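Student: Please take a close look at one part of this structure. Start with the contacts, then move on to the rings.

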Amino acid sequence: MIYLLGLCQYLLGIIFLFGILGGTEMIQFDSAKNIINRMISAYKLKTMKALCEYFGVGISVLSNRVVRNTIPAEYIIQCALDTGANLLWLCTGEGDPCVEGLQVEKKSIDVSTEALEKLERLGALKKDNLITENEYLLLKKSIFNN
């Protein structure tokens, strides 16, 4: 029974990670390095080496993920199951971590009315599939770099 529950949670995690649930918008993942650092925080560990020891793998396993910037999905899901950490927070840094004793610094930015209007128009173009994801990201970046 416990195995079946764990398997269901694992599959739901995979569905969440790859955007099958929650609408048509895909998750914009953070870098592998930042994700691994959040997993270290969730487990209340100090180093990547300690995290690797916890998972029973060599340091090169996660080091290669950082170097190649590949998302360690199986470890993210395991971390969420073990610690109760929010999958969205683990993957993006957004939202509440849901880990007891872990505080997250809230960040905010000041945006001009003009930049906000441009961003809204850009979002509408993306929603209507008039621009690609890459075009959207490039144009969004140009709004905030001016």
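Tutor: Contact means heavy atoms within 4.5 Å. By that cut-off Asp 96 touches Asn 86 and Trp 89, leaving out residues up to four places away in sequence. This is a predicted model: local features need pLDDT of at least 70, side-chain atom pairs count only at pLDDT 80 or more, and totals for chains, interfaces and linings use all residues. Numbering runs from 1 along each chain as its sequence is written, and side-chain values use heavy atoms, without hydrogens or water.

Asp 96 sits in the loop between α6 (87-92) and α7 (113-127); helices are DSSP runs of H or I, at least four residues, numbered from the N terminus. Its C-alpha atom is 6.9 Å from that of Asn 86, ten residues apart along the chain. Asp 96 is partly exposed, at 48% relative accessible area (buried is under 20%, exposed over 50%, partly exposed in between; 1.4 Å probe, protein chains only).

Now the rings. The structure holds four aromatic pairs (ring centres of Phe, Tyr or Trp, its six-membered ring, within 6.5 Å; planes under 30 degrees apart are stacked, over 60 edge-to-face, the rest tilted). Tyr 54 and Phe 55 pair edge-to-face, 5.6 Å centre to centre, with 75 degrees between the planes. Phe 55 and Tyr 75 form a tilted pair: 4.7 Å and 45 degrees. Phe 55 lies in α3 (48-55) and Tyr 75 in α5 (73-83), so this pair ties together parts 20 residues apart in sequence. Phe 55 is buried at 16%. Tyr 75 is buried too, at 13%. Tyr 54 is partly exposed at 44%. Tyr 43, Tyr 54, Phe 55 and Tyr 75 form one aromatic cluster.

Technical notes: Helices (H or I, at least four residues) and strands (E, at least two) are DSSP runs, numbered from the N terminus.
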